[in-house]
Amino acid sequence: MSFMELVDRFETFDFNEYFQSVTRADIQRSLNRDHLEPYDLLNLLSEPAQGFLEEMAQKARKLTLQYFGRTIGLYAPMYISDYCSNHCTYCGFNTTMDFTRTKLSLEQIECEAKVIADTGIRHILVLTGEAPAKTPISYFENTIGILKNYFSSIALEVFPMDEEKYRILKKAGADSLTVYQEVYDKKIYSQVHPKGRKADYQYRLLTPERGAKAGFRGINIGTLFGLGEPRTEAFVSGLHAKYLEREFPDVEVSLSLPRMTKAQGGIKPKHILTDTRFVQFMLAWRLYMPRLGISISTRESADFRDKLIHLGATRYSAGSQTDVGGYALKANDATVQFEVTDTRSVEEVSDMIRQSGYQPVFKDWEIF
Ligand code: SF4
């Protein structure tokens, strides 16, 4: 069964009714269990579970230490092209936005790589918009060829591809894939992706599966909080991660919790995910999936990120720039995909991690 069939099964499920029916006893029962079922996840995502945050945090912390030790993986994003033919209404790179688009040459990519590698970062996340004519598969192969000289792990957050193309990129040296569904609610998905290749909900939804089948060792997924009803989106994201973990046991599955920020397109978030809710969702996911990686980006503030270390987070971006050529070729009027809130350097973030009693991990993978 593909994940699409699982999503279809929940189409008639009344999430609101379920969340309203959850009692304190239900939550306590879910908290007492060693192996959580989907309805336990629902219970922990419900409103009344906010009264159990301390208990959830203690259990989540214990599980995280058990499975990950006192470590936080570090990575940096590298935007190499902001050409995009999609119409995502929430994104500053969408095709209707009027700005001078940039695609880095291979020489420029090398300049960016040198600056990032000098900070100690060894895990790189390569990002582009969706413009296959501008950034064909050969461009990615060449990019990976350069990045291999500077980094020990190369993850891709580029447009969804067929399994065969992923195999080519894996062979070139990429090892992980990030692809966010953005919003699992099909109706909202169509509204915020009115045109372009990304309008195909199913193709995007099945992208992580194609990546796993192609042999990527890490798959990172998530929803963009702000678009759909947060509890339901957190639930389906959790189901998706669990599905991937079960179907592809060799793959390291992780979830991110990006929240919409000001810089993204013109639309405002329909649903605000508060900090408390953010923490609740993270904890619920950890209890549901003890081995789950949880990535926290620099969209979040420094203070908030410092606290999340103790609550189940396993991976942080650091020293991030979210514009094309943002590290070495910085232009003052560059268009960013989202605003960075935690502007600390890699060194400052590493110091904070150490001071919190954890070890910043720059490298845990080697490309052969
Ligand atoms: S979210 Fe990605 S696909 Fe959508 S407009 Fe932005 S860059 Fe393009």
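Author: Two residues are in contact if their C-beta atoms, placed from the backbone, lie within 7 Å. The model is predicted, so local features need pLDDT of at least 70 and side-chain atom pairs count only at pLDDT 80 or more, while totals for chains, interfaces and linings use all residues. Residues are numbered from 1 along each chain as its sequence is written.

Reader: How is α7 directed relative to α8, roughly parallel or roughly antiparallel?
Author: Helices (DSSP runs of H or I, at least four residues) and strands (E, at least two) are numbered from the N terminus. Helix α7, residues 137-147, packs against helix α8, residues 163-172, at an angle of about 20°, with the axes 9 Å apart. Because angles under 35 degrees count as roughly parallel and those over 145 as roughly antiparallel, this angle makes the two helices roughly parallel.

Reader: Which residues of α11 are buried?
Author: A residue is buried if 20 or more other C-beta atoms, placed from the backbone, lie within 10 Å of its own. Helix α11, residues 207-214, is mostly covered, since 6 of its 8 residues are buried. The cover includes α8, β4, α10, β5 and α12, and the buried residues are T207, P208, R210, G211, A212 and A214.

Notes
Axes are lines fitted to C-alpha atoms, for helices over the stretch in contact, and angles run from 0 to 180 degrees between N-to-C directions. Angles under 35 degrees count as roughly parallel, over 145 as roughly antiparallel, 65 to 115 as roughly perpendicular and the rest as oblique. A residue is buried if 20 or more other C-beta atoms lie within 10 Å of its own, exposed if 12 or fewer, and partly exposed in between; C-beta atoms are placed from the backbone.
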